[in-house]
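I opened the model to look up a few backbone details and then the interface. My notes follow in the order I took them.

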Amino acid sequence: MLRNLAARACVPVALAVTGFVIVCCMLLYTTLKRDLIDDAVARETSLADIIVKSARYTMLKDDRESLRQTIQTLGEQQGIEHARIFNKKGVVMYSADSGEVNTQVDKVTAGCVECHQGDKPLTTLGPMEQARSFTNARGTKVLAITTPIYNEPACSQGACHFHSPEASILGTLDIGLVQTPLEKSLAALQLKMTLFCAMVLILTVGGVFALLRRNVILPVRQLLSFADASSRGIDAHPPQGAEEVEALGRIIAEQGQRYRETAQELQRIKVKIVDLGKAAEGSDKP
Amino acid sequence: MADRPFANSEEEQPLGRTCEESQQRIEALHRLSRRGLWGLLGFILLTTAAVQVSNLVPDLPLSVRQTLGASPSENLISIALAVYIFSALILILARMMGGTKTYRGWSHLGYLSAFYLFYYYAKALDQNFWAVFAAGMTILSLEYYGIWSWCSEAIRREREHLSQLERKRQHGLGG
């Protein structure tokens, strides 16, 4: 099956092009996916910073009710999975889910362990370390950001309340956003790339096969038929096409002609021999 | 450069070989054509090992990372993979065009395992696993096809030579 010209020419090309296009599409998709996730993390980190900054005055004034309302309103927004602030000890102080207020957050869970894995907790993290991705109980993918609330001179020197000036972090804002829009974008991208990949493959492999068939396979088949006809003494026109094919056709036609002439010559000699034999037999008779 | 015939060395031409030599050569060619399958099997085993290791040891200990230093970025490894598959495919196709019987699947196993290692060290094996797997399957399948088609052609020539020897023997012309 794989011995004919079409298979020999098309199988390696099809295999090489298919593999290369698939690998490149996979690498491109992974790169684009990573870039999209990085962008989403950067946007969400920025959003978390804005929330902390906008709540700064409320925290400075120790207006706990306003802060509770802010977190509550924030948590009710579409696309926000959770919003909570916990203090330095890991106790949830404010949350959009009232059930988790005053509960203790485990320091070894994702989102906390990034800072608390060493003997001394880290006070700064890059945007990617602040982010964590998980699937919630409803099966939705969530991208959560933890942003530290840093101590400021106004916090430790305020008249209303104070924090120790030695404490560098007073608490942490933890906000989770559902990743459904990102997942939809990635699924659309995957579909488009699969379609693009399929079209490139059809065009390349189909194009190679069509060109080979037009320029090589069909002329070779015509040459075969012509050579076969020529060897059986049937008159046929040599195939037209590329100059190599025409030259080969001319050579086959010449050889066919020579073969026919030789066959006719042989036939003549045979007849002559038979005639001579008969004449010799006639002369031998008394 | 002069065009090279498909069977490009005297060793590959069956003329002058005895019946036993041809039989032995057919056996050797069968073994050679199976080399591609062994290469594919080796790659599948390598892939299975890579998956198992990344599942059992998701991350290297911090001390090992400190000793080895920072990993190359995922982008750089991906660019290297794209360049590698491109050049490997060009070389394999060129070898197939030249009609040589060289099989380079074993060195590709080494390169591919290096990609698995680099992605693992860069903590990006999960995202890029299928790309390395597809690259490996493409390269080794093409290597296999190349060596298999060369061997099939050589076996066909040897069998033709054997049948010629058989005809000569039947007509009492030796062989």
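I started at the hairpin of strand 3 and strand 4 of chain A, where 5 residues lie between the strands. A:G139 takes a positive phi near 85° there. Helices and strands here are DSSP runs (H or I, at least four residues, for helices; E, at least two, for strands), numbered from the N terminus.

This is a predicted model, so I noted its limits: local features need pLDDT of at least 70, side-chain atom pairs count only at pLDDT 80 or more, and totals for chains, interfaces and linings use all residues. Residues are numbered from 1 along each chain as its sequence is written, chains are lettered from A and ligands numbered from 1 in the order written, and side-chain values use heavy atoms, with hydrogens and water left out.

Next, the pairing. Strand 3 (residues 131-135) of chain A runs antiparallel to strand 4 of chain A over 5 bridges. Two strands pair if DSSP finds at least two bridges between them. A:F134 stands opposite A:V142 of strand 4. On to strand 5 (residues 169-178) of chain A: 9 bridges join it to strand 4, again in the antiparallel sense. A:Y150 has A:I169 of strand 5 as its bridge partner.

How many residues of strand 4 of chain A are buried? I found 8 of the 10 in residues 141-150, so this strand is largely enclosed by the rest of the structure. Buried means under 20% relative accessible area, exposed over 50%, and partly exposed in between (1.4 Å probe, protein chains only).

I then checked positive phi outside glycine. A:N102 has about 70°. It sits in the loop between strand 2 (92-95) and helix 4 (113-116) of chain A, and A:N102 is exposed at 59% relative accessible area. B:K123 has about 55°. B:K123 lies in the loop between helix 4 (105-121) and helix 5 of chain B, and is exposed at 52%.

Last, the interface. 24 residues of chain B contact 17 residues of chain A (heavy atoms within 4.5 Å). The buried area is about 1700 Å², with 73% from carbon and sulfur atoms; this is accessible area (1.4 Å probe) lost on putting the two parts together, summed over both. I counted 2 salt bridges (a Lys or Arg side-chain nitrogen within 4 Å of an Asp or Glu carboxyl oxygen). One of them joins B:E153 and A:R8 at 2.5 Å, N to O. Helix 3 (74-98) and helix 5 (125-170) of chain B each give two or more residues to the side that touches chain A. Helix 5 gives the largest share, 13 residues.
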